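Visitor: Hey, could you walk me through this one? I'm new to reading structures.

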Amino acid sequence: MADQRSEFRDLLRRRRAELGLSLAELEARSVDAETGTQARKPWLSKVELGKPIDTPKVEVLRALAAGLDLPERIVKAAAAKQFLGFDPSADSSAVWSADLTTRIIVARAEEMSEEDRAQLAEIAETFARRRAQRNASGQGKPGE
């Protein structure tokens, strides 16, 4: 089917490759701390191969978030897109980048202390000032 959504499958494939994990290693890491539910290797394989599966339960999504070392909301958003056709990032009150970086930063910021968030904001401001200075001096790359 040409219009089949694959956001969840793509996230799983991409992140597993980034981490250099086999399916067995990902299975071992993918355990929900609340319930002990584990994302099993046969299920993970079906997801990656694009085979039909039921919409994953929240416990499996939490387990997979742990295994992929991603914020839970990133995994849930990809599942919502693929299985429900719902794109949380289409919410007009949220601004996201085309890749996952902004979403990950926002999700991780919620886990930080107020002091850590202030430091992260300071880092972002420093990057923005440096880019503006480079652009003003003609040293920046086009599109920066």
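This is a predicted model: local features need pLDDT of at least 70, side-chain atom pairs count only at pLDDT 80 or more; totals for chains, interfaces and linings use all residues.

Visitor: Which side chains meet in a salt bridge with 3.8 Å from N to O?
Guide: Arg-40 and Glu-27 do. A salt bridge here is a side-chain nitrogen of Lys or Arg within 4 Å of a carboxyl oxygen of Asp or Glu. Arg-40 sits in the loop between α2 and α3 and Glu-27 in helix α2, 13 residues apart.

Visitor: Is Glu-27 buried or exposed?
Guide: Glu-27 counts as buried because its relative accessible area is 18%. Buried means under 20%, exposed over 50%, and partly exposed in between (1.4 Å probe, protein chains only). Arg-40 has 47%, so that one is partly exposed.

Visitor: What else does Glu-27 touch?
Guide: Skipping residues up to four places away in sequence, Glu-27 touches Gln-38, Ala-39, Arg-40, Lys-41 and Leu-44. Touching, or contact, means heavy atoms within 4.5 Å.

Visitor: How many salt bridges are there by this rule?
Guide: Eight. One of them joins Glu-34 and Arg-62, at 3.6 Å from N to O. Glu-34 is in the loop between α2 and α3, while Arg-62 is in helix α4, 28 residues apart. Asp-32 is linked with both in a network of salt bridges.

Visitor: OK, new topic. How many helices and strands does the protein have?
Guide: Seven helices and zero strands. Both are DSSP runs numbered from the N terminus: helices are H or I with at least four residues, strands are E with at least two.

Visitor: And what's in the largest nonpolar core?
Guide: That core has 21 residues, and Phe-8, Leu-12 and Trp-43 are among those with the most contacts inside it. Helices α1, α2, α3, α4 and α5 each supply at least two residues of this core. A nonpolar core is a set of buried Ala, Val, Leu, Ile, Met, Phe, Trp, Tyr and Cys residues joined through side-chain atoms within 4.5 Å.

Visitor: Who does Leu-12 contact?
Guide: Leaving aside neighbours within four places in sequence, Leu-12 is in contact with Leu-26, Leu-44, Val-47, Glu-48, Leu-64 and Leu-68.

Key. Residues are numbered from 1 along each chain as its sequence is written. Side-chain values use heavy atoms; hydrogens and water are left out.
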